[in-house]
Amino acid sequence: YGQFFEGAKVVQCDVCDAKALTETLADIAKENNGIESIISCLASRSGIKKDAYAIDYQATLNCLESGRDESVKARHFVLLSAFCVKNPWLQFQQAKLKFEA
């Protein structure tokens, strides 16, 4: 898969820290003449309520809002969710569904 990621740069940021996330994305946008897409594949590790709402809802919302920020202006936001949120029995399903609403 190497040729598909040629020139890629790994950047670390805490998606739970909205301010730091926006600053990181703004730096990337500035260095690269904008950001085409933000693709969110976030998922909580445990699926319990506290983790689910911190990651599956709030951190995903942070990514969306940071992408919309004037300093970032990402053109697209893609959410990888889960088909099972149609019948939300588990906390992580409820958190993902809340974000999608």
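Contact is taken here to mean heavy atoms within 4.5 Å. The structure described is a predicted model. By the contact criterion, and leaving aside neighbours within four places in sequence, Val-72 touches Thr-22, Leu-25, Ala-26, Ala-29, Ile-35, Ser-66 and Gly-67.

Val-72 belongs to the largest nonpolar core of the protein, a set of eight residues. Helix H1 supplies the largest share of the core, with four residues. A further core, apart from this one, consists of six residues, including Ala-52, Tyr-57, Ala-95 and Phe-99.

As to the overall architecture, the protein contains three helices and two strands, which follow one another along the sequence in the pattern α-β-α-β-α. The C-alpha trace spans about 45 × 30 × 20 Å along its principal axes. The protein has 101 residues, of which 28% are buried. Among contacts with a separation of 6 or more, 60% are between residues 24 or more positions apart. The accessible surface amounts to about 7300 Å², and carbon and sulfur atoms account for 55% of that area.

Thr-22 lies in helix H1, which covers residues 18-31. Thr-22 is classed as buried because its relative accessibility is 17%, below the cut-off of 20%. The side chain of Thr-22 forms a polar contact of 2.7 Å with the side chain of Ser-66. When neighbours within four places in sequence are set aside, the contacts of Thr-22 are with Ser-66, Asp-69, Ser-71 and Val-72.

The cysteines were examined for disulfides. A disulfide is a covalent bond between the sulfur atoms of two cysteines. A pair of cysteine sulfur atoms is counted as a disulfide if the two lie within 2.5 Å, and by this rule the count is zero. Cys-13 takes part in no disulfide, and the cysteine sulfur nearest to that of Cys-13 belongs to Cys-63, 8.4 Å away. Cys-63 is likewise in no disulfide, with the sulfur of Cys-13 as its nearest cysteine sulfur. Cys-13 is partly exposed, at 30% relative accessibility, whereas Cys-63 is buried, with a relative accessible area of 10%.

Helix H3 spans residues 91-100, and its buried residues are Gln-93, Ala-95, Lys-96 and Phe-99. These residues lie on the same side of H3, because they cover an arc of only 165 degrees around the helix axis. The buried residues of H3 pack against helix H2 (49-68) and strand E2 (76-79).

The loop between E2 and H3 contains Leu-80. Leu-80 and Leu-42 are separated by 38 residues in sequence, and their C-alpha atoms are 7.7 Å apart in space.

Key: Residues numbered from 1 in each chain as written. Predicted model: local features only at pLDDT ≥ 70, side-chain atom pairs only at ≥ 80, totals over all residues. Heavy atoms only, no water. Buried < 20%, exposed > 50% of the residue type's maximum accessible area, 1.4 Å probe, protein only. Polar contact = N/O pair within 3.5 Å; in protein donor to acceptor, adjacent residues only side chain to side chain. Core = buried A, V, L, I, M, F, W, Y, C linked by side-chain atoms within 4.5 Å. Arc of directions from axis to C-beta. Areas by Shrake-Rupley, 256 points an atom, 1.4 Å probe, with all protein chains shown as cover.
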